[in-house]
Amino acid sequence: MLEINEKSDVEAPSAPSKTEREFTVKERSQWRMALRRFLRHRVATASVFVFLLLILFAFVGPLVWKYDYINYTNDISQPPTLKHPFGTDSTGFDQFAVVMRGTAQSLKVAFIIGIVGTLAGALWGVVAGYIGTWVDSGLMRVADLILTIPALALAAALARSGGGTLVLIGLVLAAVSAPYVARVVRGVVLSLREREFIEASRALGASHWRIMLRHLLPNTVPVLLVNATLLIAQGILAETALSYVGFGIQPPDTSLGVLITTAQGALDSRPWLFYFPGIFIILIALSVNFIGDGLRDALDPRQTRERR
Amino acid sequence: MLVFVIRRLLISIPVLLASTVLTFVIVKLSGDPLLYLKQRQPRPPQSFIDQQAHTLWLDRSWPVQYWHWISNLLLHGYWGPPVQGHNDVGSEIVSAFGVTARLVIVSVVIALVLAVLTGVISAVKQYSLTDYTTTTIGFVFLSMPVFWFAILLKQGGLWFNSKTGTHFFGTIGERSIPPITDTSFGAQFGDIMGHLILPVIVLGLVGYASWSRFTRASMLEVLNSDYVRLARSKGLSRRRVLVRHALRTALIPLTTVTALDVAALLGGAIITEHVFQWNGMGTLFLTALNTIDFNVMLGWLIVTATIVILFNLVADILYGILDPRIRHA
């Protein structure tokens, strides 16, 4: 990637002759251009690294770290030390291991929300936008209906009826956020379906499903990517909020939200139990938000001031 | 315009009715309202439980229950009996709504003023230090769990109180309990304000974070448009172009977003109220959900859905007034 950057960026004074350039300069596809723009957003690029580190911390960390989240140690209620970087709780659990576990569980919930919510919303929006007529108005009225209920209240009511397992919380939050995606995607599809390439594929005899899945859906991918980052960031926060009001993931299963909620009672005596999970939530949500910002700049150049 | 408003209001009615069906199903799915009786030790006799179920209409089919509830509400304005409490559901919702409205209105006004100010400044001075600072702050607040921040703030308020030996920040409830003895207007007002500060900061920051980013984006788009360049090249002063030409246009989409967010905040603010133990809409819903007090839940969901639909309408109307290109024929 960097090679290409250099080649295309440098307007070399001793430029090779015209014909030579034609063969040496590689064609820049749309995605390469987007990648270039993304890499220019330094905070977003750094956020990708932070996010990858967080994933490593959550999923590889437990294999390396000397304690695990199930076995307690003899050190009880210790503030952060070298031995226990995040301290221990009143039972003696090493909080570094516990936060690793919580981060892993929270990331899983966030990915369920991001993937399921985005895909469901995308399909919803593509079908509504492409087919139109009563299917469109029907599907969109359902979305409107769901959006009339405050998301947190809806999620809490649904989560209560299903019991708080990780997968269920993820699916509930995905269901609550899918209508947002559907609205956005429908808007994009409405403008796309009048374009010539759709008309052409219809003339060639492509079926409706083929047009929707092979021609329309791929064209909504930029929008979907940006929306997926939004869903992931909001999903992590929504999961903690649900835990806090008592309708989230239920112990003994855990997540960063569960950790903070249980730690708030000991805020005076063992504040480190409260700080570290919170900081990790902020790290995850912040890096995902920045990645989303970078993606928006990269995939939707109208938003940035300078043409790049 | 009037025709448009009336037509939109008429369209809202079936949406609202459909919304009552949806909320009814959700509430019915959320659990057994009489579980608290069945789990009581010693367990009350089955005949008593059956009788309770009968008085609450729980032994009928869902459509019958729904019809009973909606016809009572529409024809008699009766919200149905609470399952465990003794207060009338309607008056409980009204008093909770008043408390929440106070919190939301104050936070929204403060958050909006600050958001527009910083949004405009960071758009005008894009890529400056101010821009980077406010953008980063906005991002951090967007990425922070609200209750985590609220609990820290509450802790800070308590610390301040104990350091200064005062009760400057109220951290529990929307007023002192028991009520303060001084009944003069000044003291009562001060009491309410003291309890208002911290929750307003929490709720305000949530709105501020997204609205300032929105203002910035929409301002940037306008500032890059041809007509602003034209206005400048005609010789108008920077200031005049900014305020009269750019800002006016940039704020149009913000009104829509705000109207929609305010509706969500009125229904919600669930977390903030929970942290500071306000007896507002959020607390009302959580208590009702915990005990499956289905009539309270239904009433709450209908009230918030109505507010959301109304604010959607307000947003559309405002858009029409502010943007002369849009004509609601």
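**View 1. Chain A in outline.** Along its sequence, chain A reads α-α-α-α-α-α-α-α-α-α-α-α-α-α. Its secondary structure amounts to 14 helices and 0 strands, where helices (H or I, at least four residues) and strands (E, at least two) are DSSP runs numbered from the N terminus. The model is predicted: local features need pLDDT of at least 70 and side-chain atom pairs count only at pLDDT 80 or more, while totals for chains, interfaces and linings use all residues. Residues are numbered from 1 along each chain as its sequence is written, and chains are lettered from A and ligands numbered from 1 in the order in which they are written. Of the 308 residues in chain A, 44% are buried (20 or more other C-beta atoms within 10 Å of the residue's own; exposed means 12 or fewer, partly exposed in between; C-beta atoms are placed from the backbone). Among chain A contacts (C-beta atoms, placed from the backbone, within 7 Å) between residues at least 6 apart in sequence, 70% join residues at least 24 apart.

**View 2. Helix α7 of chain B.** The helix covers residues 146-164; at 1.5 Å a residue its 19 residues should span 27 Å, and the end C-alpha atoms are 27 Å apart, which agrees. The expected span is 1.5 Å times one less than the number of residues. Buried in α7(B) are B:Val146, B:Phe147, B:Trp148, B:Phe149, B:Ala150, B:Ile151, B:Leu153 and B:Lys154. Their cover includes α12 (221-245), α13 (256-263) and α14 (272-299) of chain A, together with α8 (185-223) and α11 (270-276) of chain B. After α7(B) comes B:Gly165, with a positive phi near 65°.

**View 3. Surroundings of B:Val120.** This residue is found in helix α5 (residues 89-124) of chain B. B:Val120 counts as buried because it has 21 C-beta neighbours inside 10 Å. Leaving out residues up to four places away in sequence, B:Val120 touches B:Thr215, B:Met219 and B:Leu247. B:Ala246 is 126 residues from B:Val120 in sequence, and their C-alpha atoms are 9.8 Å apart.

**View 4. The contact of chain B with chain A.** Chain B contributes 39 residues and chain A 30 residues. On the side of chain B, the elements giving two or more residues are α1 (2-29), α6 (129-142), α7, α8, α10 (238-267), α11, α12 (281-291) and α13 (294-322). The most comes from α1(B), with 8 residues. By class, this side has 27 nonpolar, 12 polar and no charged residues (Ala, Val, Leu, Ile, Met, Phe, Trp, Tyr, Cys and Pro count as nonpolar, Asp, Glu, Lys and Arg as charged, and the others, Gly among them, as polar).

Technical notes:
Contact = placed C-beta atoms within 7 Å.
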